[in-house]
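Visitor: I would like to learn how to read this model. Where should we begin?

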Amino acid sequence: MTAHELTPLAGVAGPALVHHLPTGAVDDFAHRVELASEASNDGDSYAVVDYYAVALATVLVPLVMFVVALLLA
Amino acid sequence: MNAGKPASSSSFAGLDNAPLLKSERTWRGGTLLASSTSTAVATWCFVLGGTVAYYLDAVTGAIAMMAGILIGIGVILISIVPVATKYGVDSALSSKTFMGSRGWYLAVALLFVILAGWNTVIVVILGRAVAEILVTMGLIGEQARSATEVIAMLAGLGVVWLVIRRGSSALASSSKWIALGVLVLATCVLGLLIKEVGVSGLLDAAPLAPFDNKATNVTISVEAFIATAIAWWPYVGGMVRLVPSARTALWPSIFGLAVPLAAVSIIGLLAGLVVPDSGGDPTAFLTQVGGVVFGVIALAFIVLANVGSTMVGAYSAAVGIRQVPAISRRTSWSTACALALIPSAVVAVFFADAFVANLQVFLAVCGLFLAPMCGIQAVDYFLLRRQTLDVRALYTDGPTNTYRFWAGVNPAAVVGFGVGVATFLMLLDPLTYTPRTFFTYTTASLPSMLAAGAAYWLASLVVRRMGKGGYREAATRDPAQMAERLQR
């Protein structure tokens, strides 16, 4: 079993991804870290538009909700 | 790059916590959405909603809860999500960059306490459900209810220990079925409440013990759900690390965590308003409102669902504490599983009802510690490290490790944490849940996060000037240079 095959468990157990990392994968740990250190391993970050989306969904919308709740209270 | 000890497997901080390579991060948005939903939805949502019933009516409470959840998820989106998605590391390990190569054990401890807290909530509900079933069926008398609850809680924890000590792969499929079942249960509870008092009865129900100041009632409800969402910090890192980009994780995180949590919590709020003594907990009224047959079936489902939810939480907590090498070396997996369950057992025996009745205190403690942590992480990652980490240093240790700082602890994080916690305490007493000073206009978690981030940034200027923490390398490093260096 590879870490790839373990992924369905990860979302369920949250941070508990891989207590049961298979022996082969544990043996491969040093190599894995070296590979993960390479720049090409980096995932993509947010694009500029995503920051606007985050601001809209988690700042502006809640702010409006907050004001509405105050008016209703 | 880091010049710590060689990256042999024996020097790694935690073998359970391998970094995921980009090629292994195969989750799409839909996978994350489903996983987030199954993580967020458990019977604790009812009790969370029930806490708002003290302060607000149904409509205002629902709006305030949703606002709080969205704000809390916003905090998560700018703290743990970018780091975990870019480097495939989980929440606790990601804190090593700002807490230090030993200071990050505090994050592990927080993770452990928070998971134990959530576990305790569902174990208490489990005990109540078992006792209610037995009382309803006439198998025990009312006078034996409390003792039965305690025995049921301990038995439930025993079952959980027996299962997870074997590293059950059943965990993988149980969570989504639990989430689905809880959503069905919530729908049934809503139907029962409407049948009992009608829609207008739900909408007209008055809050149970509001403050005189209406704005304070709104803010304290918003604060409770900001803390609830921030309390997902340990879970979120473990999930989004399986997604290849922050962009892919953005909307599924918002919808997967916010919508289901809000939906079930709103029904908990309605239950809390209509059945005041329940605090939103359906075990208190299912048999009376739904009849014996439905009530017993629903309660039996709650028992099974809560055993499943406790397994997931305890499993995560056991893995979390085994990330600390000193604990990992001295404990077997079985012992770690037992350690993960002991706090819940102690609370179950001595303070079960008090713990659930004062759930907002637990939420406040989550906000007290995690809000500063999130603020510090966002500042560290975006402003100081320019979104570039030394992955090798995350998994190694030694005097020259990039994240060693001084004796493994970053004093800037201590300062940031101290300022954040002090700010929170100035605004809200976490033990009595009493607002202070200008809490009504700001909440406590948000100022705490901002103050911690600002103090950390200022203190880090000194740390950077002293050549510690790898900030200078982070500021000058770019991907092309890194690739070239690795090839040499």
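Guide: Start with confidence. pLDDT is the predictor's confidence in each residue, from 0 to 100. Chain A has a mean pLDDT of 66, and 59% of its residues reach 70 or more. This is a predicted model: local features need pLDDT of at least 70, side-chain atom pairs count only at pLDDT 80 or more, and totals for chains, interfaces and linings use all residues. Residues are numbered from 1 along each chain as its sequence is written, while chains are lettered from A and ligands numbered from 1 in the order in which they are written.

Visitor: Where in chain A is confidence lowest, and where highest?

Guide: Where pLDDT is low, the predicted coordinates should not be read in detail. In chain A, helix α1 (residues 3–13) is lowest, at a mean of 37. Helix α4 (residues 48–72) is highest, at 87. Helices here are DSSP runs of H or I, at least four residues; strands are runs of E, at least two; both are numbered from the N terminus. Over residues 1–26 of chain A, pLDDT stays under 50.

Visitor: How many helices and strands does chain A have?

Guide: Four helices and zero strands.

Visitor: Is helix α10 of chain B enclosed or open?

Guide: Count neighbours. A residue is buried with 20 or more other C-beta atoms within 10 Å of its own, exposed with 12 or fewer, and partly exposed in between; C-beta atoms are placed from the backbone. In α10 (residues 233–240) of chain B, eight of the eight residues are buried, so the helix is largely enclosed by the rest of the structure. Among them are B:W233, B:Y235 and B:M239.

Visitor: What span should helix α15 of chain B have?

Guide: Expected span is 1.5 Å times one less than the number of residues. The 18 residues of α15 (residues 333–350) of chain B should span 26 Å; the end C-alpha atoms are 27 Å apart, which agrees.

Visitor: Where does α15(B) kink?

Guide: The bend at a residue is the angle between axes fitted to the seven residues ending there and the seven starting there. In α15(B), a kink of about 35° lies at B:L341, shortly before the proline B:P343. B:L341 is also one of the buried residues of this helix.

Visitor: What about phi?

Guide: Most residues other than glycine have a negative phi, and most peptide bonds are trans. B:Y433 has a positive phi of about 55°. B:Y433 lies in the loop between β1 (428–429) and β2 (434–435) of chain B. With 18 other C-beta atoms within 10 Å, B:Y433 is partly exposed.

Conventions: Two residues are in contact if their C-beta atoms, placed from the backbone, lie within 7 Å.
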